[in-house]
Amino acid sequence: MEKIQQILDTIDTLTILELSDLVKALEEKYGVSAAPVAVAAAPGAAAAPAEEEKTEFDVELTAFAEDKKLKVIKEIKDLCGLSLGEAKDLVVNAPKMIKTAVSKEEAEQIKKQVEEAGGTVTIK
């Protein structure tokens, strides 16, 4: 079980793109599929309503590398159009929302930029 936990901990550090590549590699190497399996509903059971695909995402700064704090502050300042003081307050008081109700593409771009600067970001 410890090996599995170590693998899961490593997976938690991957970006969305790296995770996608991992899934593809697992599918190719082991002949498995990450696609959901359809399960037949019990006779007479009402079908569950289909969930709407999420179109708006929130981007949260969850942490930052202490030695990269200044780079993260500058990146947040530029991304959000904040003053240097406002950006510093946001970073120092993480976890804090960076942006809310943005497209998936914009959320992933923000995450990439902040992580390159030394921050840790969660897309919700």
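1. M1, I4 and L8 together form a nonpolar surface patch of about 360 Å². M1 belongs to the segment before α1, the helix of residues 2–12. M1 has a relative accessibility of 81%, so M1 counts as exposed.

2. The coordinates are those of a predicted model. The mean pLDDT over the protein is 83, and 85% of the residues score at least 70. By element, helix α5 (residues 104–117) has the highest confidence, with a mean of 92, while helix α2 (residues 16–30) has the lowest, with a mean of 81.

3. The secondary structure consists of five helices and three strands. Read from the N terminus, the order is α-α-β-α-α-β-α-β.

4. Some totals for the whole protein follow. Of its 124 residues, 18% are buried. The accessible surface is about 9300 Å², and carbon and sulfur atoms account for 55% of that surface. Taking contacts between residues at least 6 apart in sequence, 66% are between residues at least 24 apart.

5. Helix α2 contains 15 residues. From its first C-alpha to its last, α2 reaches 21 Å, which is close to the 21 Å expected at 1.5 Å a residue. Just after α2 comes G31, with a positive phi of about 65°.

6. Is K111 buried or exposed? K111 is part of helix α5, the element with the highest mean confidence, 92. The relative accessibility of K111 is 12%, and K111 therefore counts as buried, the cut-off for that class being under 20%. Apart from neighbours within four places in sequence, the contacts of K111 are with I16, V121 and I123.

7. Which residues does L84 contact, leaving aside its neighbours within four places in sequence? They are I73 and K77. L84 itself lies in helix α4, which covers residues 84–92. L84 has a relative accessible area of 47% and is therefore partly exposed, since that class runs between 20% and 50%. A further distance concerns K74: its C-alpha atom is 7.4 Å from that of L84, with the two residues ten apart along the chain.

8. Two backbone values deserve a check against the coordinates. Most residues other than glycine have a negative phi, and most peptide bonds are trans. The peptide bond from A94 to P95 is cis, and its omega is near 10°. P95 sits in the loop that joins α4 (84–92) to β2 (96–102).

9. The other backbone value is at A101. This residue is not a glycine, yet its phi is positive, near 55°. A101 is located in strand β2, the strand of residues 96–102. With a relative accessible area of 44%, A101 is classed as partly exposed.

10. In brief, the points to keep in view are these. The cis bond is the one from A94 to P95, and the positive phi in a residue other than glycine is at A101. K111 is a buried residue at 12% relative accessibility, in contact with residues that include V121 and I123.

Technical notes
Residues are numbered from 1 along each chain as its sequence is written. This is a predicted model: local features need pLDDT of at least 70, side-chain atom pairs count only at pLDDT 80 or more; totals for chains, interfaces and linings use all residues. Side-chain values use heavy atoms; hydrogens and water are left out. pLDDT is the predictor's confidence in each residue, from 0 to 100. Helices (H or I, at least four residues) and strands (E, at least two) are DSSP runs, numbered from the N terminus. Buried means under 20% relative accessible area, exposed over 50%, partly exposed in between (1.4 Å probe, protein chains only). Contact means heavy atoms within 4.5 Å. Accessible areas come from the Shrake-Rupley method with a 1.4 Å probe; for residues, only the protein chains shown count as cover. Patches are made of residues with over 30% relative accessible area and no salt bridge: like charges are joined within 9 Å, nonpolar side chains (Val, Leu, Ile, Met, Phe, Trp, Tyr) within 5 Å. A salt bridge is a side-chain nitrogen of Lys or Arg within 4 Å of a carboxyl oxygen of Asp or Glu. The expected span of a helix is 1.5 Å times one less than its number of residues.
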